[in-house]
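Here is a short briefing to read alongside the structure. Take a look at the fold, then work through the points below.

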Amino acid sequence: MSEKARVLFEALDLDADGQLTRVEVISALRDRGPTLAAQGVLPFWGVQDAEASSALFDAADANGDAVLTFEEFTAVVDRRFGW
């Protein structure tokens, strides 16, 4: 698992509970995405609209419980972002 994925996960985990909800992912990418991209934490093309962010969440939610663990998140972003 990459360190970049860890940094991104923590940036998106708005309530710092160790899990991501759909609302957190969409809100954090909307509000923090450009800054995270400028810092190199997220590829610029990874800053997307709510629909694309929601689709990323669905792709990562392997067990369908509507929350993402770090492991679920990392499995998708490492592959998708080429980390």
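Is D58 buried, partly exposed or exposed? D58 is partly exposed, with a relative accessible area of 45% (buried means under 20%, exposed over 50% and partly exposed in between, with a 1.4 Å probe and protein chains only). This is a predicted model, where local features need pLDDT of at least 70, side-chain atom pairs count only at pLDDT 80 or more, and totals for chains, interfaces and linings use all residues. Residues are numbered from 1 along each chain as its sequence is written, and side-chain values use heavy atoms, leaving out hydrogens and water.

**Salt bridges**
- The whole structure holds two salt bridges (a side-chain nitrogen of Lys or Arg within 4 Å of a carboxyl oxygen of Asp or Glu).
- In one, D58 pairs with R22, and their closest N and O atoms are 2.6 Å apart.
- Because D58 lies in helix α3 and R22 in helix α2, this pair ties together parts that are 36 residues apart in sequence.
- R22 is partly exposed, at 31% relative accessible area.
- R30 forms a salt bridge with D31, with closest N and O atoms 3.1 Å apart, and both residues are exposed.

**Helices** (DSSP runs of H or I, at least four residues; strands are E, at least two; both numbered from the N terminus)
- Helix α1 has A5, L8, F9, A11 and L12 as its buried residues.
- These cover an arc of only 160° around the axis, which puts them on the same side of α1 (the arc is taken from the directions from the helix axis to the C-beta atoms).
- Helix α4 (residues 70-80) buries F70, E72, F73, T74, V76, V77 and D78.
- After α4 comes G82, with a positive phi near 75°.
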